[in-house]
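The following note sets out points for discussion of the structure shown below.

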Amino acid sequence: MPSAFISYRRVESAALATLIAVTLQDKHGIEVFVDTRSTDGGGLFPDRLRRAIEHCDVFVCLLGATTLESAWVMEEIEHAHNLRKTMIPVFQERYVPPNPIPSVHVEALLQSDGLQVLDVRNVYVDQAISDLASMIRRSVGAPMPPPRRGIGLPLIAAVLVLLALVALGIFLVSRAMESPTSTASPTQIAGGVTASTTIEQPTAAPTEDAAGTRVAQLQASLTALAQLQIVGEETATADAATRGAAAQIDATLRAAADTATAAALAITQSVLGETATQQAIDATAIASVSTDTPTPSATPTPITLEYAYAQAVNYDDGQGNTAWTPIAYTFGDGVTMVLVPTGCFLMGSSEGNINEQPINEQCFVVPFWIDQTEVTQADFVRLSGQKAAPNEFPADQHPVENITWFEARNFCVLRGARLPTEREWEYAARGPEGWIYPWGNMWDTSYAAWNRSRSQRTAIVGTASNGVSWVGAQDMSGNVWEWASSLYQPYPYAADDGREGDMRDLADAQRVLRGGSWYYVSTIGLRAPTRSGLDPIAKDNLLGFRCARDV
């Protein structure tokens with residue numbers, strides 16, 4: 001049985017430490033040592049703690065706002081490091097990186113792979129603890145616990161369905177079909193925005209129709225395969241014991257998709273030639289997209305601001321997210337923003353953290369603009385942004401990070417813009433349909449920059465291009481947490497209750513953060529309704545921002 005020592009400071013982490021210890025032991029079969037004495041240390045470091053650290057396989061340290069001020073915690077970290085123990089940092093919501101780092105032992109801890117966990121007052125800590133259990137087992141080479149009863153049969157069924165779908169895809173490719181297809185083609189609008197419309201292709205000869213329909217039917221079967229992939233991934237998240245089987249399913253799916261797509265294109269090439277083959281490539285490009293809703297596209301093309309405003313106020317939110325054609329505009333400061341039209345949505349969620357409740361309707365009678373991407377380091381420098389701490393992951397097209405709320409606010413004002421309110425941010429991410437994620441209601445691992453080690457760091461903005469929101473905003477899930485203007489207060493949200501009115505330099509009034517970050521190993525923090533809050537003086541390589549602008 002693997003074992004772990006939990007180091008923590010009682011004044012802020014006692015309840016969380018107890019919860020983690022009990023859950024690891026009772027649910028995950030991991031032996032845990034946690035010191036429950038009612039003191040944070042003082043005097044000589046006790047031998048019982050030294051022996052416990054020596055006995056355990058893994059050293060886990062809960063890091064809150066003041067953890068490293070405890071002499072005993074510092075002793076525990078040093079002893080574990082000297083023993084070359086595997087160290088796992090667990091960052092709580094109020095954690096603030098030390099500056100400077102107090103010792104090489106703490107530096108080694110902070111550079112180790114770790115995870116974030118919500119405070120005890122929230123209800124969704126189970127997934128984080130499950131992730132911690134998996135990390136502990138992997139670090140000692142221990143096998144995962146036996147799968148829960150009933151998990152094996154669904155996996156076997158999934159594999160059988162997979163084989164049937166692959167056979168169906170190959171069969172469809174080999175048949176001659178009959179109906180025409182259509183392709184999506186960008187429409188150039190006078191001015192400066194990108195819009196995308198679907199153009200019906202002219203009626204063609206029977207051979208062209210047949211090949212076009214082959215591609216369409218192949219696309220349908222591959223989309224079904226992609227949905228099976230989602231099932232495999234969600235099963236793996238629900239139970240660590242199934243991760244290996246889900247990975248095999250994922251690899252098989254991708255290989256089958258590649259093989260079937262290549263076969264379809266070869267047949268189309270022989271019938272239609274190069275022009276029709278390019279149309280086939282366009283039509284099958286979505287075969288790898290595993291989402292339950294169409295992903296909107298926002299490729300910038302010129303428009304006038306008057307045209308954009310007319311489109312935004314005439315948008316019918318009753319038609320849903322995909323009825324809106326994304327509009328992007330590059331302002332005089334050289335930054336591209338996307339337009340968010342008028343409409344209503346239900347803010348919050350009954351299935352997430354307790355701080356997302358109660359659900360409350362919010363309506364926008366005036367459209368607004370929001371940055372297409374998180375503010376990049378290049379734009380921050382080019383537009384004379386000022387902040388005290390350097391970026392920990394310096395690169396021009398990566399997001400600005402290690403920035404306080406005040407510094408982010410000041411930069412937006414410098415641009416003639418502002419930080420988005422919390423409700424603006426969530427509406428731009430979810431739309432009138434209230435999607436769980438910016439792209440839809442099903443999680444896709446490739447649609448966000450997440451679950452990355454410190455060596456992998458943040459991603460170039462817009463890298464996860466399939467994760468674009470309904471208005472064309474990139475990286476609203478993952479990469480960096482984003483500051484909002486709002487004070488962090490309970491729901492229901494009301495713009496006139498003071499949370500938006502006080503922009504003074506109050507260092508102890510927590511501000512809202514949205515979107516999750518590159519460091520998340522659990523998808524709960526990457527949902528569009530997820531919200532958190534930190535003191536506005538906090539800075540970290542997980543924290544960034546984007547700006548908004550009134551029309």
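Which elements make a right-handed β-α-β unit with S3? The unit consists of S3, helix H3 (residues 71–82) and S4; a crossover is called right-handed if, with the strands pointing away from the viewer, the path from the first strand over the helix to the second runs clockwise.

1. Basis of the note. This is a predicted model, in which local features need pLDDT of at least 70 and side-chain atom pairs count only at pLDDT 80 or more, whereas totals for chains, interfaces and linings use all residues. Residues are numbered from 1 along each chain as its sequence is written, and side-chain values use heavy atoms, with hydrogens and water left out.

2. Overall content. The chain has 13 helices and 17 strands, taken as DSSP runs (helices H or I, at least four residues; strands E, at least two) numbered from the N terminus. Of its 551 residues, 54% count as buried, that is, under 20% relative accessible area, with exposed meaning over 50% and partly exposed in between (1.4 Å probe, protein chains only). Among contacts (heavy atoms within 4.5 Å) between residues at least 6 apart in sequence, 76% join residues at least 24 apart.

3. The parallel sheet. An open sheet of 5 strands has the order S2-S1-S3-S4-S5, with parallel pairing; strands are taken to pair if DSSP finds at least two bridges between them. Its edge strands, S2 (31–34) and S5, each pair on one side only. Strand S1 (residues 3–7) is joined to S2 by 4 bridges, and Ile-6 stands opposite Val-34.

4. Strand S4 and its partners. S4 (residues 86–91) is largely enclosed by the rest of the structure, because 5 of its 6 residues are buried. S3 (residues 58–63) is joined to S4 by 6 bridges, with Cys-61 opposite Pro-89. On S5 (residues 115–116), S4 pairs in the parallel sense over 2 bridges, and Gln-116 is the bridge partner of Phe-91. From S4 the chain crosses through helix H4 (residues 104–110) to S5, and this β-α-β crossover is also right-handed.

5. Val-106. This residue is found in helix H4 and counts as buried at 1% relative accessibility. Leaving aside neighbours within four places in sequence, Val-106 is in contact with Leu-68, Met-74, Ile-77 and Ile-101.

6. The structure holds 17 salt bridges, each a side-chain nitrogen of Lys or Arg within 4 Å of a carboxyl oxygen of Asp or Glu. Asp-35 and Arg-10 form one, with the closest N and O atoms 2.9 Å apart, and both residues are buried. Arg-527 and Glu-356 also meet in a salt bridge (2.9 Å, N to O), although the two lie 171 residues apart. Arg-527 is buried at 8% relative accessible area, and Glu-356 is buried at 0%.

7. Arg-531 and Glu-422 meet at 2.5 Å, N to O. This pair links strand S15 to helix H13 (residues 422–430) across 109 residues, and both residues are buried. Salt bridges that share partners join Glu-422, Glu-426, Arg-430, Arg-514 and Arg-531 into one network.
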